[in-house]
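Reader: Could you walk me through this model, piece by piece? I'll ask as we go along.

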Amino acid sequence: MSVMVARKKVVRKWEKLPGRNTFCCDGRIMMARQKGIFYLTLFLILGTCALFFAFECRYLAVQLSPAIPVFAAVLFLFAMATLLRTSFSDPGVIPRALPDEAAFIEMEIEATNGTVPQGQRPPPRIKNFQINNQIVKLKYCYTCKIFRPPRASHCSICDNCVERFDHHCPWVGNCVGKRNYRYFYLFILSLSLLTIYIFTFNIVYVALKSLKIGFLNTLKETPGTYPSMSLTVLTVLEVLICFFTLWSVVGLTGFHTFLVALNQTTNEDIKGSWTGKNRVQNPYSHGNIVKNCCEVLCGPLPPSVLDRRGILQQEESTAQEGSCPRGPGTQEPPATQGPGQAQEGHSVLSLQVPAPSVSDTKMPEEKQRTPGELPVPSLDTGRAEH
């Protein structure tokens, strides 16, 4: 006997999302596909801090103050937390239009622009939007089939439209947009402080050791766990990493501090949206540095509109074969139905099981049946058959 069984396969929405992103932990983590430089960032931060905590911090905590490793640990944990928050979160990806929505937008554009003669270039798909008495153009995205909101842009690496798009940062392995820009800024700010901190105390460490045993003896000193490598060589390695990181990270922090003060994005600054020949003023700026910083860094964080962990259910029918024989000791459960229903149930049994022999005492009831009516055994007779 074959039985059709319907099984529901649970599919999350992140499994069907377009674009070039990777998801982990059942859609909770969202990153770009190119993550090689992100792993390099983790290696540089973890490696430099590990060397600093393993060697210099122990000496400086004894000679100067035990607060030195504590403050370094706080900066390290804060930098790592903001880095992971920036890398693993949704930057503000805008969902693509559904087929019905895309068709409606196409009809609306055709109705607005009219029929374009053959061989003539169609007009650009742009809508004008007014913000603070300033006309802002909303551009149409041919990939996502939507009119992008103000300050949004399509990332060519992740293949998604991102709200308040700033830039795609390979060092964090994700786009930087409306939902993770504040964490990105806090990351580069804390990383700048951590780099300056380690760089400064590495130089202090070498200076203190040189005053005690001389600079040449400091260069020859070896730690107990690494007899083949000079301790100062490790310190010099940390100094070099911090020195080259210092210029790029501190410079990047200064640049984004300037953008935050103006309430401007990197994308707008590169394109010259508000500093071009027309000298158009930035409609998003409040004209006050404090208000701009509060809006960018302390304003409400909008929720993700992707609904990555939403459920899409798909039914799959599978055929299974099997038999369910009834053992000799198996009995029917006692009937809890009314008298009329019990007789109906026994009439079904009379069609499948041969009618028992009828005694002379039952003949009067047999004669009362109408012609063509099936014999209806009593309740006791049905139980005896079972």
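Reader: Let's begin with strand 2 and strand 3: how many residues are between them in the hairpin?
Author: Strand 2 and strand 3 form a hairpin with 4 residues between them, and in the turn Cys 25 has a positive phi of about 55°. Strands here are DSSP runs (E, at least two residues) and helices are runs of H or I with at least four residues, both numbered from the N terminus. This is a predicted model, in which local features need pLDDT of at least 70 and side-chain atom pairs count only at pLDDT 80 or more, while totals for chains, interfaces and linings use all residues. Residues are numbered from 1 along each chain as its sequence is written, and side-chain values use heavy atoms, with hydrogens and water left out.

Reader: In what sense do strand 2 and strand 3 pair?
Author: Strand 2 (residues 21-24) pairs with strand 3 in the antiparallel sense over 4 bridges, where pairing requires that DSSP finds at least two bridges between two strands.

Reader: Switching to helix 1, how far does it reach?
Author: Helix 1 (residues 36-63) has 28 residues and reaches 40 Å from its first C-alpha to its last, close to the 40 Å expected at 1.5 Å a residue; the expected span is 1.5 Å times one less than the number of residues. Even so, helix 1 has a kink of about 45° centred on Glu 56, the bend being the angle between axes fitted to the seven residues ending at a residue and the seven starting there. Glu 56 is also among the buried residues of helix 1, which include Phe 52, Phe 55 and Cys 57.

Reader: Which residues does the UniProt "transmembrane region" annotation cover?
Author: The unreviewed UniProt entry gives that annotation to residues 37-55, 67-84, 183-208 and 228-250; such annotations may be inferred rather than shown by experiment. In the model, residues 37-55 are 100% helix and 0% strand, with the end C-alpha atoms 27 Å apart. Residues 67-84 are likewise 100% helix and 0% strand, and their end C-alpha atoms lie 26 Å apart.

Reader: Where does Thr 112 lie, and is it buried or exposed?
Author: Thr 112 lies in helix 3 (residues 99-113), and it counts as exposed because its relative accessibility is 63%.

Reader: Finally, how many helices and strands are in the chain?
Author: The chain has 11 helices and 12 strands, and buried residues make up 34% of its 386 residues.

Notes
Buried means under 20% relative accessible area, exposed over 50%, partly exposed in between (1.4 Å probe, protein chains only).
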